Amino acid sequence: MGEEKQHSIPALPWMRDPVDVTLSQQLPLHSVPSLHPKLKLALEEMGITNLFPVQVAVWHETVGPGNFDRDICVNSPTGSGKTLAYALPLVQMLSSHVTKCIRALVVVPTRDLALQVKKVFDAVASPLGLRVGLAVGQSSVADEISELVEMPAREIGTCYDPQCVSLPRFQSKVDILVATPGRLMDHINTTIGFTLEHLYYLVVDETDRLLREAYQSWLPTVLELTQSKDDGFFQSADSFFPCSVGALRTRRRCGVERGFKDKPYPRLAKMVLSATLTQDPGRLIQLNLHHPLLLKAGQMRYRLPENLESYKLICETKVKPLYLIALLKSLGEEKCLVFTKSVDSTHRLCKLLNCFEDLQIDIKEYSSLQHQRVRSKTLNEFRKGKFQVLVSSDALTRGMDVEGVRNVINYDVPKYIKTYVHRAGRTARAGHTGRCFTLMSEDEVGRFKKLMRKAEGGSCPEHFVPSSLIEALNTTYQSALTKYKEIISKTQKKPKD
Ligand SMILES: Nc1ncnc2c1ncn2[C@@H]1O[C@H](COP(=O)(O)OP(=O)(O)OP(=O)(O)O)[C@@H](O)[C@H]1O
């Protein structure tokens, strides 16, 4: 709740004077200073001709004159291109010195998001000879390990006892690791040969979400593991098996710490990003940021995408499904994402919608109750346009980039502006247009208006569905309701003893 409070002046001094990203212009690739020709080519193959403002600003602070002297915090709208904003400088900076060890770690909150981020990295990293790995628990641990760590050939008589004089040499197979916190911790705790000792860069995407949930203390663990050898942490040989680059001393970027009279010290360079970056000092302190620089879009704390139109649709609660169907019908064949308040509501709504006769709209459910494989399959089919409407709880709100989603519908009014920002942000991405409709009763209008005032671009006129459409669907709705109630009562009937 505390985080949702509107702080007009952030408590942290460095947050009060941000670089306004909206003042940067898009930049054609040929004008991007120092852009590696292979990276330029890779971007062109992705259909990218210009860098977006946030990408230009981050480039300037990392590869450009900023020289990554400060840790970078990015607060820019959904769909503004934050993934490439960090992927491009990381890939360019890592490509100058090729050695196989994990030198960049990107942590994201969910598996589907990690898969999406890896895809972006693959497109730009492989042309520069860099490999990207995944630690997300999509496959078995053994399969994942075999993709990440090169096992030493076992010779007769060798053992993996750390006390043993001739230690086996493990080697990382990847340069960049995209991970979710849970599986990352599994590898840290149990995978022999997995080390973050050589990490230069740490990216925490969807920072506010990741900082809210501690996930077995992943962040303090990563920070501790990547501390300078001078701190003595790595001097205990029995904590880790060395990798083949063990002799190579990681030369991280130097930062000049105040109070140490220009004495440089090795530091892990960090980038943290979100469309709704927390301002809570208690949360941000966990990141141990080095003279952080805030790159922010616009004046207000929350900003909606420029080409997003928000509408409210007022109806009585008991006829919400009918209005939803009428709205979906009126939107024709456009791809829509419908958000509900919970996993249960998603399931119930989907069941009810599928009781409508002759609806001629394909509707599927995406929920955390489903097995990951089912979820990923549903998402892939939705991406490919195999069905039109996906109903989801907030499991899908963060970061997911599905091409062609023209409409987002809030079946339930979001409680917080952050939730609205992330849900609505599944459309109107990368400069495209999009609409977000929120269904609500008269009673909810006041609270919703108050909520929307917290976001830049939060004007929200009323949308009307033609009453003729509502009337035409009413009979079908009544029979769908009856059918739905029958199904529910059947499933709830307990078997007799
Ligand atoms: N320079 C560019 N030119 C054209 N398209 C781009 C460019 N950069 C990114 N995109 C596209 O914009 C879309 C949104 O990018 P991305 O997913 O990185 O946004 P985001 O800011 O991380 O959003 P969110 O906050 O929702 O995670 C993607 O489809 C991506 O391919």
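Predicted model: local features only at pLDDT ≥ 70, side-chain atom pairs only at ≥ 80, totals over all residues.
In total, 19 residues surround the ligand, and the closest are Asn50, Gly79, Lys82, Thr83 and Asp401.

Where does the ligand sit? You'll find it in the largest pocket. Two elements give two or more residues each to the shell, namely strand 3 (50-51) and helix 3 (82-95). Of the elements, helix 3 gives the most, with three residues.

Now, which domains supply the shell? Domain 1 (13-152 + 170-227 + 261-296) and domain 2 (308-493) each give at least three residues to it.

Let's zoom in on some side chains. Lys82, which is among the closest residues, has a side-chain N or O atom 2.7 Å from an oxygen atom of the ligand. Over at Arg429, an N or O atom of the side chain is 2.8 Å from a ligand oxygen. Arg426 also places a polar side-chain atom 3.0 Å from an oxygen atom of the ligand.

And how much of the ligand does the protein cover? On its own, the ligand has 640 Å² of accessible area, and the protein covers 82% of that.

Methods:
Residues numbered from 1 in each chain as written. Heavy atoms only, no water. Near = heavy atom within 4 Å. Polar contact = N/O pair within 3.5 Å; in protein donor to acceptor, adjacent residues only side chain to side chain. Areas by Shrake-Rupley, 256 points an atom, 1.4 Å probe, with all protein chains shown as cover. 1 Å grid on protein atoms, 1.4 Å probe; cavity = no way out; pocket = protein on both sides within 12 Å on 5 of 7 lines; lining within 4 Å. Sits in = over half its atoms within 2 Å of the grid points. Helix = DSSP H or I, 4+ residues; strand = E, 2+ residues; numbered from the N terminus. Domains from an automatic or database assignment.
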